[in-house]
Amino acid sequence: MKIILPDKSCRDAGPGPVTVETLVRDLGFDPVGVIVARNGTLVTEDAVVENTDEVRIIRIAHGG
Amino acid sequence: MRSGSSGSPTGDEAVACDDVPVKTPRCDRCSGPAVFHDKKTGRHLCREHFIADIEKRVADTIRSKNLIIPGDHVVIALSGGKDSTALLMILARLLPSWDSVRLSAVTIDEGIAGYREDTIRSADRLVMQYGLDHASISFTELFGGTLDAFLKGREPEACSVCGILRRKALNVAADRAGATKLATGHNLDDEAQSVFMNVLRGDLPRLVRDSGSDSKGRFIPRIKPLMFISEKEIAVYLMLHGAWADLPECPYAVHALRGEVRGMLASLESKYPGTMLHLMESKTRIEAQCAGRLEEEPVRHCRECGDSCSGEICQLCTLKKTLSQ
């Protein structure tokens with residue numbers, strides 16, 4: 001699984017299949033503060049990501 | 001980063017076993033791929049139903065609280081950040097079908113290097129795209145200097161200093177634009193944080209104050225049509241429209257009590273979905289209990305500038321004296 005973090009850095013990991021929420025928490029983020037795209041499409045926290053997926057984690061900036 | 005993500009189907013097939021999570025949960029209304037899961041209600045929504053739901057809830061808030069009436073000129077306080085961007089997009093979709101309501105925008109340039117330039121460019125692009133009248137005003141023009149200059153050596157006071165100056169700047173800009181309502185992008189997270197902070201401070205008058213209804217002609221009423229839409233819902237709404245921009249956060253935010261409260265509430269919301277909404281409901285109940293019982297502060301006028309205030313000198317004139325020291 002290719003994981004693209006909010007700072008644009010990439011990480012290859014193989015924890016799947018796993019729910020988005022579990023992945024996000026394992027990476028140290030609060031699910032309330034991020035949104036997640038799987039292969040370019042927004043997915044919910046209870047969706048599942050697999051080792052063949054590209055997962056982008058987008059942090060929600062406060063303010064504005 | 002600007003995303004063009006549409007939330008459209010990817011061809012994923014559901015893993016339909018009893019104990020295995022579904023790879024792509026489905027919309028409760030149409031069975032399309034879900035892009036948002038409301039953990040409080042358990043509801044899943046696809047792109048189309050999520051967008052429709054957000055816009056309906058904003059319209060319901062406006063109607064139930066009578067925030068906008070026929071003939072209003074609604075001026076959006078447009079920073080170019082995510083909340084005011086979503087507010088503009090939603091109001092621009094809703095208001096044309098309402099009676100003779102005009103929409104325009106104002107932007108305040110506080111003078112925060114490395115932060116405000118990007119959001120102002122974003123605001124300029126947005127008003128051009130929607131063909132709205134747009135006026136800008138800067139702290140330098142109004143107060144003779146940038147926020148960065150005013151805050152040298154007093155960064156921990158950033159939010160209170162900026163709040164006082166920004167409030168005045170918005171009033172001047174909205175007044176110049178001929179506004180009857182000033183719409184801000186405050187969302188559910190912001191409002192819940194304010195409720196909690198006022199409780200922590202023991203500030204009951206501020207807890208029940210409603211800037212939209214108690215102006216009594218002293219200032220242009222402020223309205224918050226996104227007050228029941230969460231920060232995350234706003235982010236998803238923008239992402240689904242390809243309007244998400246990865247903008248920086250205000251560099252002074254780290255100094256504020258609000259930052260600590262935000263982290264605390266986000267953690268509680270994550271563990272106990274609905275926490276923020278419950279805080280808002282508590283505020284509504286307290287408001288109802290306090291209606292007519294709290295002694296109203298007499299309206300005075302600042303002896304230096306003449307603006308309405310509660311003391312002899314308004315907060316702005318008091319602040320200006322300390323800034324010039």
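Predicted model: local features only at pLDDT ≥ 70, side-chain atom pairs only at ≥ 80, totals over all residues.

Residues are numbered from 1 along each chain as its sequence is written, while chains are lettered from A and ligands numbered from 1 in the order in which they are written.

**Stop 1: chain B**

Helices (H or I, at least four residues) and strands (E, at least two) are DSSP runs, numbered from the N terminus. Of its 325 residues, 36% count as buried. Buried here takes 20 or more other C-beta atoms within 10 Å of a residue's own, exposed takes 12 or fewer, and partly exposed is in between, with C-beta atoms placed from the backbone.

Now colour residues 47–294 as domain 1 and 297–325 as domain 2 of chain B; these bounds come from an automatic or database domain assignment. The domain centres, taken over C-alpha atoms, are 24 Å apart. Across the boundary, 6 residues of domain 1 of chain B are in contact with 6 residues of domain 2 of chain B, where contact means C-beta atoms, placed from the backbone, within 7 Å. On the domain 1 side, helix α6 (residues 158–177) of chain B gives the largest share, 3 residues.

**Stop 2**

**Stop 3: two crossing helices**

Show helix α1 (residues 47–64) and helix α2 (residues 82–94) of chain B, whose axes come within 10 Å and cross at roughly 80 degrees. The axes are lines fitted to C-alpha atoms, for helices over the stretch in contact, and angles run from 0 to 180 degrees between N-to-C directions. That makes α1(B) and α2(B) roughly perpendicular to each other, a label for angles of 65 to 115 degrees. Where they meet, look for Glu55(B), Val58(B) and Ala59(B) in α1(B) and Ile90(B), Arg93(B) and Leu94(B) in α2(B).

**Stop 4: chain A against chain B**

Bring chain A back: 22 of its residues are in contact with 37 residues of chain B. On the chain A side, the largest share, 3 residues, comes from β5(A).

Next pick Leu42(A), found in strand β5 of chain A. Is Leu42(A) buried or exposed? Leu42(A) is buried, because 26 other C-beta atoms lie within 10 Å.

**Stop 5: two loop residues**

Finish with Lys8(A), in the loop between β1 (2–4) and β2 (10–12) of chain A. Its phi is near 80 degrees, a positive value in a residue other than glycine. Lys8(A) counts as exposed, with 9 C-beta neighbours inside 10 Å.

Then jump to Ser31(B), in the loop between β1 (2–3) and β2 (34–38) of chain B. Phi of Ser31(B) is near 70 degrees, a positive value too, and Ser31(B) is exposed, with 10 other C-beta atoms within 10 Å.

Notes: Contact = placed C-beta atoms within 7 Å. Parallel < 35°, antiparallel > 145°, perpendicular 65-115°, else oblique.
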